[in-house]
Every structure is written in structure tokens, then in C-alpha cells.
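Subject: A structure for you to look at

Hello,

I am passing on a structure that may be new to you. Please open it alongside this message, and then read on for what turned up.

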Amino acid sequence: MLKVINPATGQQIREYPAATAEECDATMERSEAAYRQWRHTSFAERAELLRKVATHMRDNVESLAPLMTEEMGKPIKEARAEVIKGAWCAEHYAEHAEAYLANDELASDASHSYVRYLPLGPVLGILPWNAPFWLAFRFCAPALMAGNTCVMKHDPHVPACAEAIAGVFEAVGAPPDVFQNLPLATPDVEAAIRDKRIRAVSFTGSDRAGAKVAAAAASEIKPAVLELGGSDPAIVLSDADLDAAADAITTSRIINAGQSCIAAKRIIVEAPVYYEFVGKLSERLQRLKVGDPSREDTDVGPIAREDLRDILHRQVSETVKQGATLEMGGELPEGDGYFYPVTLLTDVKAGMTASCEETFGPVAVVMKVDSAEAAVDLANDTDYGLAASIWTEQGRGEMLSLKLEAGQVVVNGLVKTDPRLPSGGIKRSGYGRELGPHGIHAFVNAQQVWVGPKQE
């Protein structure tokens, strides 16, 4: 059984049965059968479905958003925004997929030669709990518009969200089985990856789990896209707009209670403005309200699971013992639920726990450097390479961004995902890209076509 714990109370609220081996087999068979029909639909037919899905989500945001608040603790105002963002992703690919997948005309010795982009078949999406709706549509919208069918294996802690996402497709009259929810227990995922009817895998989650998914997919010679963890740097140089930087970094650090792969996790500040920036950041963090995620005035909800909170508190405690300064927070609160206070650690050095491990919670880690060059070196001193931001004069920022080892770089702005732009990482943050034109090309057959006669 998939047991759901409300992280705001620590109480079990429901149980869901996990799919059996027989149910999994039937799901795969239906997805393969649906693909044989769906692959022949036009872009207009696929777009019509996704537009209906998006409209339904916008019209029913008040019933969909609370599921995230209840199952994983997302503040209700963030949950509403996530449903709308998922709808936007569906609309974006409905509008642009045909252009993204247009034939590429390439000259050769043929009378006519080109590359066309064809679907692969059923795609398995293995998704985490921290953005249940957004990540589902980041996976399925491009895959469906490319002509693939989708099997969604969502995180076992958000089964009602998963059921609701599949329900949206059913509610708008989607062709049967083009999108299916498969509530697998974690030990059964590998068999699903290896199923011969699955042609590709999309995974979002930790680097440890990603390595296992990648190994299984590679051994079956299946393409995979991996969006994994991050220890994302936010560099603040002495010529930065400190107020704008403090605003954006605060938002990045605490959105979804800090449980985001692309959140700013290591805040690297140049020495001349270090103390001024720490003061501005502290002021903003102190104004945040931690509490019941169903309340409109809550800024920071609970950590999604008790074990995740324990890991976060260990990271904070170890870092303080290693010599960091605890400016605020850092104490486990009494009472129900898995809440953790907004925490600010300063004087953090390379090698300390919070500078090496991914911190998944409302913990800001500030590090001081003597120069822009030292900031870039420290930013790259990590096994991860998901996203990075830099705050400085625009031209200088663009030049320095060339040296940052990350799949996504933002100069003077908030790191975020956008359906119009590709997103993904390097190093232990994964490979492949989602979103934008690159995302829809992840799961297609780039088929070369050579038409004779040969030209001299």
C-alpha cells in the first residue's frame, strides 16, 4: 500500500494500493496499443487535446491545488501557481510543437535529403513529490505532442495528485490510454523501465536514484533524460544590485520550503559587500511566516517527510560544528508536523557539510570570497551542475557565465524553469534537456531521409 502522510500534521490521511505486476503489464499493453493510433494523429489533433487539458486545469485549480498542500505540504498560494504553470506548459507545446519538430532540410548528394522527427513509442515518466503537477506536464506535454504515449509513475507520497492528473485527461475525453497513471511501489520500477514496450525514460529525482535509472535504461539500450539534484550557486559581486539580489535569492531559497532542485543553495558573496548583503538577506528571511500550508498567509510550509527533515537538520548541525555561524533558525520545533525554521548559516567554508551536500529545505548558506575569480572557482567546486546565477554588471555577468559549469545560468534574475527554454544539468545533475525546443527532441527518432537519384 502507498501510505500518505500529511506533513503538516504527521498523520496518515489515506492509503492507495500499489499496482500489481499484472496491472503493470496491462498498463504497458494499453499504452503500446494506444501509441499505434496516437502516432498517426496530426499536430492539430494533439494540440486540441492539450488545450482542453489546460483549460480544465485552469477551471479546476481550486480543487487540484489543495491536493499538493495536503500530500506534500506546498503552501496553497504556490500550489495554485503550479497548476497554472502546468497548464501553461500544455498550452506552450500545443502552440509550438509542430514548428519545433519541422523537418530539417540538409543538402547532400541526394535529390532531396532531410531529417524528420518521429515518435518513439510509450515513454515512462518517473517523477518526484516536490512539484507533482508541474513536473508531470514538463514530462508529458512534449512527449504527447511528439506522438508518443505516456506512462506516469509518480512518487508514492503523492498518489492523489497522480490520480488527479490522470483524471484531467479522462475528464476532457482524451483518447483512451494515451496518458496513464501507474502507481508502482519503488522496488517495482526497474521492471517497468526494462519492459520492452517502454521505449524511453524520463526521470527527475536524486542523483543516487538517477544512477540506478540510467543504468537500467542503458542496459536495455533505451534513451533517458535525467534531471537530478543540485547544489546551485548564487554569486553576488560587489557591483551587484544588492536589494534585487536579496529579493530573488530569498525567493529562490524558500519557494516550496526550499525543496527545489534549482533553488539557490550556496550564496557566494564578494568580500566588500558581504556583511551588507547578509544583513539584507537576514531581514527578508526574518519576515517569512512558517506554518499551516493551507493558510493564505503562509510563506513556508513543512518539509515533505520526517526523514528528509532529519537529514536537513543533520546538515545544519554538522555545518555549525564545523565552524559556521548560525544567524537564525537551526532548531527543531516542537509540535506536530515536519516543520523546519527558516535558517541562515554564514561564514560557511568549502568542505563544510552544507557546502558539499544538497540542502533540501529553507536553509540559506552564505560563503565569502575575495574576488569574482574566486567566486567562480567556488561555484564550480561541486559534483553538481544544474543551475547557477550571478549578480553583477550585465556584460560582466555574461562573460563570467561562460566559466560556470551548469546547464542553466541566469544573470541578474531568478533561476526558474520556463516552457520556452531548455532546462537540465551536467555532471551529477544529469543529462538531456527538458522544455523548450530541446525538450521535445529528447524522445523522437531523428530519421534521416535520402531521396534519389544521386546527384553528381
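Let me start with a question: is D177 buried, partly exposed or exposed? D177 is partly exposed, with a relative accessible area of 24%. On this scale, buried means under 20% relative accessible area and exposed means over 50%, with partly exposed in between (1.4 Å probe, protein chains only).

Some background before going further. This is a predicted model, in which local features need pLDDT of at least 70 and side-chain atom pairs count only at pLDDT 80 or more, while totals for chains, interfaces and linings use all residues. Residues are numbered from 1 along each chain as its sequence is written, and side-chain values use heavy atoms, with hydrogens and water left out.

Back to the backbone. D177 has a positive phi of about 75° although it is not a glycine, and it is found in the loop between α6 (159-171) and β7 (179-181). Helices (H or I, at least four residues) and strands (E, at least two) are DSSP runs, numbered from the N terminus. N256 also has a positive phi, near 55°, in a residue other than glycine. N256 belongs to the loop between α9 (242-254) and β11, and it is buried, with a relative accessible area of 5%. In the segment after β20 (444-451) you will find P453, which a cis peptide bond joins to G452, with omega about 10°.

Next, the sheet. Seven strands form an open sheet with mixed pairing, in the order β12-β13-β14-β11-β10-β16-β17. Two strands pair if DSSP finds at least two bridges between them. At the edges are β12 (325-328) and β17 (408-411), each pairing on one side only. From one strand to the next, the twist averages 20°. Within the sheet, β13 (residues 343-346) and β14 (residues 363-369) pair in the parallel sense over three bridges, and T343 stands opposite V363 in β14. Helix α13 (residues 372-380) lies across β10 (233-236), β11 (266-270) and β14, running at about 165° to β11. Such angles run from 0 to 180 degrees between N-to-C directions, with axes as lines fitted to C-alpha atoms, for helices over the stretch in contact.

E82 is found in helix α4 (residues 76-100) and is buried, with a relative accessible area of 6%. Leaving aside neighbours within four places in sequence, E82 is in contact (heavy atoms within 4.5 Å) with residues including M68, K74, N130 and W134. A polar atom of the E82 side chain lies 3.0 Å from the backbone nitrogen of W134. Q315, in helix α11 (residues 306-321), is buried too, at a relative accessible area of 3%. Not counting residues up to four places away in sequence, Q315 touches T353, E357, E358 and T359.

How many disulfides are there? The count comes to zero, where a disulfide is a pair of cysteine sulfur atoms within 2.5 Å. The sulfur of C89 is 7.5 Å from the closest cysteine sulfur, in C140, so it is too far for a bond. C150 is in no disulfide either, as the nearest cysteine sulfur, that of C140, is 5.5 Å away. C89 is buried, with a relative accessible area of 0%, and C150 is buried, also with a relative accessible area of 0%.

Best wishes

Technical notes:
A polar contact is a pair of N or O atoms within 3.5 Å; within protein, one must be able to donate a hydrogen and the other to accept it, and residues adjacent in sequence count only if both atoms are side-chain atoms.
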